Amino acid sequence: MRASRFITPLAVLCLATAGAADGAHAQGSPDLAGAWIVTSWTSPDGEVNAQPQRGLFLFTETGHYSMMYVSGSEPRAALSQTSTDADRLAAYDAFTANSGRYRVEGNVITYEAFVAKNPNYMAGFMTDEGNAVTTAYAIDDGTLTLEWTSGNGAGRRATLRRPRPATR
């Protein structure tokens, strides 16, 4: 159980940074490249969650991305050997993770997930099976704003910033 907490994010990070099976369509952006952490979410109806749970978005210059975040404002309960199926489902449902390729055209990012927590959202890079989702984006004074313009989250907005540098 403990090792799986580290293996899943590591696998997602490896895919995002090592590249996917077909890099021909990937077109990254040096402005986006690097890590961004979620500082707020805004729902399509305008409700702002200014104290979101953890979220990390990674973009490479070669056109690959990884995004993982916890929905809502309440922390997920820690799991133990005695956790029930309902406890595990609640922890699972509150978590979003996907990685794949992206391209930028103007102020629009188009994502295609190669691997995702939700199996219905995974694309087949080798078969050109698509699952494109788009966000409009803007970077202003070190703040990245993403607004979903298609897909399940259409109308939702995330505000992100660069994390502090790692320290030893």
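A pocket is an open set of grid points, on a 1 Å grid over the protein atoms alone, with protein on both sides within 12 Å along at least five of seven lines. Lining residues have an atom within 4 Å of a point. In this predicted model, the second largest pocket is lined by 19 residues. The chain has two helices and nine strands. Of its 168 residues, 36% count as buried.

**Overall layout**

- Along the sequence, the elements follow the pattern α-β-β-β-β-α-β-β-β-β-β.
- Strand 1 covers residues 34-42 and runs antiparallel to strand 9.
- Five bridges join strand 1 and strand 9.
- Strand 9 also pairs with strand 8. That pairing is antiparallel too, over five bridges.

**The second largest pocket**

- The space in this pocket comes to about 430 Å³.
- Y69, T96, N98, Y121 and N152 are the lining residues that lie nearest the centre of the second largest pocket.
- Strand 4 (64-70), strand 5 (95-105) and strand 6 (108-116) each give at least two residues to the lining.
- Strand 5 supplies the largest share, with four residues.
- By class, the lining holds 10 nonpolar, six polar and three charged residues.

**Salt bridges**

- The whole structure contains four salt bridges.
- E112 has 12% relative accessibility, under the 20% cut-off, so E112 counts as buried.
- R101 is buried as well, because its relative accessible area is 3% and the limit is 20%.
- R103 and E105 form another salt bridge, with their side chains 3.1 Å apart, N to O. R103 has a relative accessible area of 25%, so it is partly exposed.
- R157 and E147 make a salt bridge at 3.9 Å, N to O. The two belong to distant parts of the chain: R157 is in strand 9 (residues 157-161) and E147 is in strand 8 (residues 143-148), 10 residues apart.
- R157 is partly exposed, because its relative accessibility is 31%. E147 is partly exposed at 32%.

**A158 in strand 9**

- A158 is found in strand 9. Its relative accessible area is 0%, so A158 is buried.
- W41 stands opposite A158.
- A158 is also the bridge partner of L146.
- A158 and G55 are 103 residues apart in sequence. In space, their C-alpha atoms are 9.9 Å apart.

**Two loop residues**

- T60 lies in the loop between strand 3 (55-59) and strand 4.
- The T60 side chain makes a polar contact of 3.0 Å with the side chain of T62.
- D141 is found in the loop between strand 7 (133-140) and strand 8.
- D141 is exposed, because its relative accessible area is 77% and the threshold is over 50%.
- The phi of D141 is near 55°, a positive value in a residue other than glycine. Most residues other than glycine have a negative phi.

**Points to check in the viewer**

- Which strand gives the largest share of the lining of the second largest pocket? Strand 5 does, with four residues.
- Is R101 buried or exposed? R101 is buried, with a relative accessible area of 3%.
- Where is D141 found? D141 is in the loop between strand 7 and strand 8.
- Which residue stands opposite W41 in strand 9? A158 does.

Notes
Residues numbered from 1 in each chain as written. Predicted model: local features only at pLDDT ≥ 70, side-chain atom pairs only at ≥ 80, totals over all residues. Heavy atoms only, no water. 1 Å grid on protein atoms, 1.4 Å probe; cavity = no way out; pocket = protein on both sides within 12 Å on 5 of 7 lines; lining within 4 Å. Points joined across faces, edges and corners; volume = space filled by probe spheres on them. Nonpolar A, V, L, I, M, F, W, Y, C, P; charged D, E, K, R; others polar. Buried < 20%, exposed > 50% of the residue type's maximum accessible area, 1.4 Å probe, protein only. Pairing = 2+ DSSP bridges. Polar contact = N/O pair within 3.5 Å; in protein donor to acceptor, adjacent residues only side chain to side chain.
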